[in-house]
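Open your viewer and get ready to select residues by number.

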Amino acid sequence: MALLNVRHLRKGYGNTVVLQDLNLSLEKGEVVVVLGPSGSGKSSLLRCINGLEPHQGGSIEMEGVGEFGKDVPWEIARQKVGMVFQSYELFAHMNVIDNILLGPMKAQGRSRAEVEAQADKLLARVGLLNRKTAFPRELSGGQKQRIAIVRALCMNPEVILLDEITAALDPEMVREVLDVVLELAREGMSMLIVTHEMEFAAKVADRIVFMDHGHIIEESTPDRFFTKPESGRAQQFLSGMDYSI
Ligand code: ADP
């Protein structure tokens with residue numbers, strides 16, 4: 001069994017079906033990049049996996065943990081599956097370190113000293129140890145996103161979901177955030193990534209999953225996907241993208 005297993009997932013908003021019989025697994029240490037046109041259901045898939053959106057059918061299961069929302073409550077599932085969003089979702093009234101400490105101390109009952117030691121190491125790694133007491137409004141978008149990544153990592157998740165984390169950033173800040181993700185991938189973090197950065201996708205992915213209209217229509221290695229996409233839909237998608245690999 002893979003680390004994370006999504007089986008026969010079905011999701012709708014009202015009468016609109018956005019994910020249909022979707023099957024996807026993620027091995028430990030694997031990086032899967034989900035690509036697809038806007039509205040194909042990528043974000044809904046990630047949001048279902050950590051329970052931000054309820055699903056109407058199928059299951060999401062983690063090896064050694066059980067089925068989310070059934071064998072284990074979503075509060076526990078969310079500790080196993082961290083998520084970073086396009087919009088950072090940092091609390092504006094809290095400084096950096098308090099934003100980071102909140103989840104581990106409140107949800108996991110860990111001591112301030114222990115989490116802060118872990119946070120300090122991670123902040124140093126992303127070059128932001130000197131911004132510990134800054135408030136989100138004092139940080140650039142790229143800095144906020146690196147803090148959001150540290151916050152997710154401090155929960156010690158098994159898997160991290162990244163939903164378009166550079167989409168709101170000015171171009172010069174994209175690199176500093178993607179470099180952090182590339183380093184996490186090299187260290188063996190299991191990740192499911194939605195991105196529009198094709199060169200980054202090609203570099204970071206072990207596997208590309210291409211979605212359209214709520215279905216996975218192609219799964220491939222990055223090399224094969226970017227040089228010889230099989231489906232007409234993927235060919236069309238890539239032809240509309242500006243990248244060089
Ligand atoms: P993607 O991430 O690939 O752009 P989404 O998962 O955001 O796709 O959206 C898939 C479909 O679901 C789209 O048609 C979108 O309009 C719709 N959708 C997304 N979120 C909601 C919502 N909260 N309520 C109603 N429809 C939604």
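About 40 Å³ of space lies in the largest cavity. This is a predicted model, and it holds one cavity of 30 Å³ or more.

Colour them by type. The lining divides into seven nonpolar residues, two polar and one charged.

In soluble globular proteins, nonpolar side chains tend to be buried together. Select Leu35, Ile149, Met191, Ile193 and Phe226 here. Of the 54 residues in the largest nonpolar core, these five touch the most other members. Which element gives the most to this core? That is α6, with nine residues.

Keep Ile149 selected and centre on it. Leave aside its neighbours within four places in sequence. Ile149 is then in contact with Val84, Ile165, Val177, Val180, Val181 and Leu184.

Another core lies apart from the largest one. This other core has 30 residues, among them Ile49, Phe68, Leu192 and Met211.

**Stop three: the pocket.** How much space lies in the largest pocket? About 610 Å³. Its lining is made of 22 residues. Select Arg78, Met83, Gly103, Arg151 and Met155, which lie nearest the pocket's centre.

Next, colour the elements around the pocket. Those that give two or more residues to its lining are α2 (74–80), β6 (81–85), α3 (96–106) and α5 (141–153). Of the elements, α3 gives the most, with six residues. By type, the pocket lining divides into twelve nonpolar residues, five polar and five charged.

**Last stop: cysteines.** Select Cys48. Is Cys48 buried or exposed? Cys48 counts as buried because its relative accessibility is 0%, and the cut-off for buried is under 20%. Now select Cys154. Cys154 is also at 0% relative accessibility, so Cys154 counts as buried. How many disulfides does a search of the whole structure find? It finds zero.

Conventions
Residues are numbered from 1 along each chain as its sequence is written. This is a predicted model: local features need pLDDT of at least 70, side-chain atom pairs count only at pLDDT 80 or more; totals for chains, interfaces and linings use all residues. Side-chain values use heavy atoms; hydrogens and water are left out. On a 1 Å grid over the protein atoms alone, a cavity is a set of points where a 1.4 Å probe fits but cannot get out, and a pocket is an open set with protein on both sides within 12 Å along at least five of seven lines; lining residues have an atom within 4 Å of a point. Grid points are joined across faces, edges and corners, and a volume is the space filled by probe spheres set on the points. Ala, Val, Leu, Ile, Met, Phe, Trp, Tyr, Cys and Pro count as nonpolar, Asp, Glu, Lys and Arg as charged, and the others, Gly among them, as polar. A nonpolar core is a set of buried Ala, Val, Leu, Ile, Met, Phe, Trp, Tyr and Cys residues joined through side-chain atoms within 4.5 Å. Buried means under 20% relative accessible area, exposed over 50%, partly exposed in between (1.4 Å probe, protein chains only). Helices (H or I, at least four residues) and strands (E, at least two) are DSSP runs, numbered from the N terminus. Contact means heavy atoms within 4.5 Å. A disulfide is a pair of cysteine sulfur atoms within 2.5 Å.
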